[in-house]
Structures are given as C-alpha cells and as structure tokens.
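Visitor: I'd like a close look at one part of this protein: the helix packing. Could you walk me through it?

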Amino acid sequence: MGVVLNLEDGKREPSIRKLIDLTAAGLGEVNKLILSKAGSDVEMIPEIANHLISSGGKRLRPMVTLASAEMFGYSGDGHVKLATSVEFMHTATLLHDDVVDESDMRRGRKTARTIWGNQASVLVGDFLLGQAFRMMVEVGSLDALDILSTAASIIAEGEVMQLAAAKNLETTEDEYFSVIKAKTAALFSAAAEVGPVIAGASRNDRAALRSYGMNLGLAFQLIDDALDYGGDTKKLGKNVGDDFREGKVTLPVILCYRRGSSEERAFWKQAIEDNIADDAALEKAMALMARHGAITDTIGRARHFGEIARDALAPLPATTYKSALIDVIDFCISRVV
C-alpha cells in the first residue's frame, strides 16, 4: 500500500519561475564562479565536484541569497560570491551526508562515494568548504562571514546529532526538530540573511529574512521526510524509502511509532533498529503511516512553518522580490506526486 501525497487538490502546482527570472543574471555569474572555484590541478577534485554540482540541483539556496540582497537595492558582486559560497557549503554537506548515510543515489545519479569512494568524497567536500570561506573573505563583510561560518558549525553539529539519534526510536519530536533546524534550516537561514547584511539593510530586515529562511528550511525538510514514504524517485532525486532503509528516525516514523500498538512498535524496532527494511517492510511502514496519519500530520507541521516564514516577510514592502520569496514557500511545501 502506497501513500499518495496530494496537497494541492487539483490546483496548479506552485512555481519558483518568478525567482528564477529575477535572479537569472546573478545566477549566471554564480554558475561561472562555481566552475571556476571548483577547478583544481588535482584532477579528481573537479571531477567529483562537478559530478554533483552539475546533476540538476535547483540552486534554490543561492537564488534566495541573490534575491534577498537585490530586494534591498544591493548592486555589487558580493552577493554572487556569497551565493556561490552557500552552494558550495550545501554541496559539501551532500558529499559528506552520502558517506555518513552510505547512500547510493543523489539527484537521480550514483553518488560520488559509489564512484570514487568515501575518502575522496569527504576530502572534496572539505575542498569546497575551503573555497567557500575564501570567497566569503573576498566579500569583506565580517557580519556575513560570521553568519555563514556559524551556520557551517551548526550544520556539523546537526549531522553529529543525527548520527547519535540514528536508529533510536525513543527520539522525541523536540530532538528531531533540533536536528533538522541545525542540518537543514541553518543554511537556509544564513543564505537569506547575508543578502540584507551586505545590502546594509536594517536589523529588523535582517531578522525578517533570517526567520524566513529558518522556517522555510524546516518546512522544506519536513516535506522531504514525508516524501520518503510517498514520493517519486525521479522527482525526489533518490530512491523512495532510502531514509527507511538507512534507519533514519524522521518525524513520520516518530509519530507512527508513538501512535502504534505494541505489535506495531515491535515492527518498527525490527525494521529500524535491527535493519530488517526490505520492500515488504517498506510497504507495511507506508500502510502504518496512512493508518496513523503520520504523513498528513508531518505535512501539517510543514505548512505551519511555511506560514511562519510567510509572516516573517509580511512587514516588508510589497515588491516582486518579496512575492518571489513567498512563492518559494508554496513550492517547497507542494512538491507532490
């Protein structure tokens, strides 16, 4: 039994086209800088970096950085370097994640670790982080450097927290939210805040974008976790059920485990803790998700954080940039089958 996610009830699927159009020029420069900064005389570095960078990611985080700078009138090129830094931080995190999670697929392609090995993936991730920090220094904003370097530390903490909580079905909702706030939302928050920082915007404007990014990131991760139990492999960019097979205790699992009978909890212990997570177990897990409303409630929480992100932008003047950033919220929440 599969779980079909249909959030839009027949409505036209939300789009980030407006954001893409508004940031097209800046994103073109970001893509050039990515190719330049991912280069190295060490042949394996650009091979591995470009394998993931060119694999079809939407560049959502760098587009948010570009838009959040331009909406406050920024006209230099610092936002391009910061947006590239953000993308490199994200790419490095993915390279490291795939090693930790032993993932075989990312964005519909084999992961770098399955082609070049774990050691090379980790080291190239480190190289990209180094390049990211070099570009931050070039921008010359200590505030922006502080925001992004702090985010890098928080992301690493989140990964360690997730590792410590792996296969632990006693993980609480609060502990789960601490993990995703660190490993996903922190970078969205930093990506959104550095734009107004280099544009010289007010503290209130910075706080608005910081809150927007944080809550957008929480909503984004919640939907990702829901899609693992009812998404489409091509759209998801990984195999449906990967989180389940890797023993990740995400919110749908937490809710289903808490609400289940003693017999159902025994199933979850066998699947997650004892790693008996074959296709038949995945089907049963999805059926239990439907029975206990775990997916529906996970999506509901995502909508909640999406509304907080929307409210964070409410005091800002109505502009095409603000409208585009609001569209991103709807897009992230409505990634459906």
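**Helices side by side**

Guide: Confidence first: mean pLDDT (the predictor's confidence in each residue, from 0 to 100) is 90 for the protein, with 93% of its residues at 70 or more. Residues 1-10 are another story, with pLDDT below 50, though that stretch has 27 contacts in the model beyond near neighbours in sequence; contact here means heavy atoms within 4.5 Å. This is a predicted model, where local features need pLDDT of at least 70 and side-chain atom pairs count only at pLDDT 80 or more, while totals for chains, interfaces and linings use all residues. Residues are numbered from 1 along each chain as its sequence is written, and side-chain values use heavy atoms, leaving out hydrogens and water.

Now to helix 10 (residues 203-227) and helix 17 (residues 320-333): their axes lie 9 Å apart, at an angle of about 15 degrees. Helices are DSSP runs of H or I, at least four residues, numbered from the N terminus; axes are lines fitted to C-alpha atoms over the stretch in contact, with angles from 0 to 180 degrees between N-to-C directions. That angle makes helix 10 roughly parallel to helix 17, a label for angles under 35 degrees. Helix 10 brings Leu209, Tyr212, Leu216, Ala219, Phe220 and Ile223 to the contact, and helix 17 brings Leu325, Val328, Ile329, Cys332 and Ile333. By class that's 11 nonpolar residues, no polar and no charged; Ala, Val, Leu, Ile, Met, Phe, Trp, Tyr, Cys and Pro count as nonpolar, Asp, Glu, Lys and Arg as charged, and the others, Gly among them, as polar.

Arg206 also sits in helix 10, but its C-alpha is 18 Å from that of Val328. Leaving aside residues up to four places away in sequence, Arg206 touches Asp143, Ile147, Glu193, Pro196, Val197 and Ala201.

Pro196 turns up again where helix 9 meets helix 4. The axes of helix 4 (residues 60-70) and helix 9 (residues 173-198) come within 6 Å and cross at roughly 25 degrees, which makes this pair roughly parallel. Among the residues meeting there are Leu60, Arg61 and Val64 of helix 4 and Leu187, Phe188 and Ala191 of helix 9.

Glu87 is in helix 5 (residues 78-101), and Arg59 is in the loop between helix 3 (44-53) and helix 4, 28 residues apart.

Key: Helices (H or I, at least four residues) and strands (E, at least two) are DSSP runs, numbered from the N terminus. Angles under 35 degrees count as roughly parallel, over 145 as roughly antiparallel, 65 to 115 as roughly perpendicular and the rest as oblique.
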